[in-house]
Amino acid sequence: MQGTLDVLILRTLIFGPEHGQGIARAIQQSSDDELLVEHGALYPALQRLEAQKLIAAKWGTSANNRRARYYTLTTKGRAQLARQSSKWRRLAAAMARVLGPEAENG
């Protein structure tokens with residue numbers, strides 16, 4: 001759904017600066033490998049969030065000594081994350097109500 005990747009990126013950056021590959025890995029790991037972020041979707045999302053001033057970026061050196069852009073959450077990004085998190089929690093609760101309880105395997 002629209003905005004899904006954006007809120008996942010913002011949430012990941014709440015823990016501190018991270019480069020693109022690290023963001024993708026964190027989303028994958030925190031979702032128990034259910035969410036895989038393709039680079040073709042990640043980098044346009046990072047550019048969009050930076051243009052909206054929800055994140056900031058600067059060049060740095062990664063753990064494997066390669067040059068990488070590190071992204072940080074801005075104050076505006078934190079406020080957006082709070083709004084979007086609330087919206088997504090309401091949506092998830094509504095979906096759970098519509099889907100109902102899981103059928104028991106018997």
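Me: Which hand, left-handed or right-handed, does the crossing of helix 1 and helix 4 have?

Reply: The crossing of helix 1 and helix 4 is left-handed, a term used when the near helix is turned anticlockwise from the far one by less than a right angle. This is a predicted model, in which local features need pLDDT of at least 70 and side-chain atom pairs pLDDT 80 or more, while totals for chains, interfaces and linings use all residues. Residues are numbered from 1 along each chain, and side-chain values use heavy atoms, without hydrogens or water.

Me: Why are helix 1 and helix 4 called oblique to each other?

Reply: Helix 1 (residues 4–13) and helix 4 (residues 75–99), both DSSP runs of H or I with at least four residues, pack at about 125° with their axes 10 Å apart. Angles under 35 degrees count as roughly parallel, over 145 as roughly antiparallel, 65 to 115 as roughly perpendicular and the rest as oblique, so the pair is oblique.

Me: What makes the contact between helix 1 and helix 4?

Reply: With contact meaning heavy atoms within 4.5 Å, helix 1 contributes T4, V7, L10 and R11, and helix 4 contributes G77, Q80, L81, Q84, S85 and W88.

Key:
Axes fitted to C-alpha atoms, helices over the stretch in contact; angles between N-to-C directions. Helix = DSSP H or I, 4+ residues; strand = E, 2+ residues; numbered from the N terminus.
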